[in-house]
Amino acid sequence: MASKIYRKSNNLVYRLSHILSATLLLVSVGSSAQGSKLLGTGGTTSVEGAAGGGIVPWATIGSYASSGEWGVTLGHSRVGVDDFSLVSNAVGLHYDNRYELSIGRQQFWVDPLALPLDQQVFGAKVRLTGDLIYSALPQLSLGVQYKHHQNGAVPLALGAAQTSGTDWYLAASKVYLDAIAGRNLLLNATLRRTSANQMGLLGFGADGHNSAAWVGEFSAAVLLRHDLAIGVEFRQKPDQLAFAREDHWRDMFAAWFVNRHASIVAGYVDLGSIAGLKAQTGYYIALQGAF
């Protein structure tokens with residue numbers, strides 16, 4: 001029975017991803033000036049599918065589509081720590097450097113389970129004001145993520161109140177030119193309202209209630225060259241489940257924007273305690289294609 005549910009959720013996301021990808025590729029072919037943004041200004045694909053860093057969504061709108069242009073991104077990322085692993089796949093649709101839609105799927109392996117915990121993430125983001133580079137004030141974007149857990153019995157057994165939930169976030173991002181020894185500096189701050197346990201992979205809420213909390217997320221990156229950046233991220237986490245402490249997340253990363261169609265991100269992650277297992281540290285790697 002579990003394998004049937006697993007295959008069914010697989011097929012749903014793959015069908016939606018293929019439809020969205022095909023639609024976007026057709027639309028992008030018809031754009032006369034596709035990809036006018038500067039290299040790297042769309043960020044990469046985060047583990048939840050939104051454009052930004054690895055574990056934090058930024059105010060950036062993905063791909064290189066500028067005013068009146070369409071773009072599509074395909075993202076794949078893996079996180080491996082001492083006792084768990086996470087694989088994320090996402091597709092994003094972007095228009096006018098203002099609007100973003102994304103569909104993501106996260107698989108979280110926990111030993112000794114034969115099947116992964118499986119979550120779908122449907123996201124939307126809109127740029128409210130400002131520009132990453134060309135305005136005095138930061139670029140400001142409002143985003144929403146609806147998350148639905150496919151293996152509902154597991155998070156409920158661990159004390160979660162719900163198997164689905166909605167995150168709202170407000171992100172501000174700005175690139176400061178010649179900020180550090182002639183290098184450009186990117187700063188991002190994201191304020192999120194969420195009831196998710198471990199990003200939703202362990203359900204939402206706890207102790208019979210699904211109340212949400214405000215948490216902060218931050219990123220900083222220095223561009224060593226126009227195509228190479230190094231940085232750090234911090235993601236505050238709500239601590240709701242009684243049986244296991246939930247720690248904040250941190251990472252250090254290097255991002256290589258190979259060209260306008262491909263980027264590679266690799267880094268070190270510290271996820272703290274997960275499901276009662278402490279000191280979960282390891283690697284992060286992400287690939288993105290942009291069209």
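Predicted model: local features only at pLDDT ≥ 70, side-chain atom pairs only at ≥ 80, totals over all residues.

Visitor: Which strand gives the most to the lining of the largest pocket?

Guide: The largest pocket has a volume of about 370 Å³. Its lining comprises 28 residues, and closest to the centre are Leu39, Gly40, Val175, Leu223 and Phe257. At least two lining residues come from each of S8 (164-180), S9, S10 (213-225) and S12 (249-259). The greatest contribution, four residues, is from S10.

Visitor: What is the volume of the largest cavity, and how many charged residues line it?

Guide: Five cavities of 30 Å³ or more are found in a search of the whole structure. The largest cavity is lined by 14 residues, with Val79, Leu86, Phe108, Trp249 and Leu271 nearest its centre. S4 (84-95) and S3 (70-81) each supply at least two of the lining residues, and the largest share, three residues, comes from S4. For the largest cavity the volume is about 110 Å³, and its lining has twelve nonpolar, two polar and no charged residues.

Visitor: Arg192 and Glu217 meet in a salt bridge; how many residues apart in sequence are the parts that this pair ties together?

Guide: The N to O distance between the side chains of Arg192 and Glu217 is 2.5 Å. Arg192 belongs to strand S9 and Glu217 to strand S10, so the pair joins parts of the chain whose separation in sequence is 25 residues.

Visitor: Which residue forms a salt bridge with Glu217 at 3.5 Å, and is that residue buried or exposed?

Guide: Glu217 is buried, with a relative accessible area of 0%. Its partner at 3.5 Å is Arg235; because Arg235 lies in strand S11 (residues 228-235) and Glu217 in strand S10, the pair ties together parts 18 residues apart in sequence. With a relative accessible area of 3%, Arg235 is buried.

Visitor: Which residues are linked with Arg192, Glu217 and Arg235 in a network of salt bridges?

Guide: The count of salt bridges comes to twelve. Arg192, Glu217 and Arg235 belong to a network whose other members are Glu48, Lys147 and Asp167.

Visitor: What is the phi of Ala279, and what is that of Ala275?

Guide: Most residues other than glycine have a negative phi. Ala275 is found in the loop between strand S13 (262-270) and strand S14 (281-290), and Ala279 lies in the loop between S13 and S14. Both have a positive phi: near 55° for Ala279 and about 50° for Ala275.

Technical notes
Residues numbered from 1 in each chain as written. Heavy atoms only, no water. 1 Å grid on protein atoms, 1.4 Å probe; cavity = no way out; pocket = protein on both sides within 12 Å on 5 of 7 lines; lining within 4 Å. Points joined across faces, edges and corners; volume = space filled by probe spheres on them. Nonpolar A, V, L, I, M, F, W, Y, C, P; charged D, E, K, R; others polar. Salt bridge = Lys/Arg side-chain N within 4 Å of Asp/Glu carboxyl O. Buried < 20%, exposed > 50% of the residue type's maximum accessible area, 1.4 Å probe, protein only.
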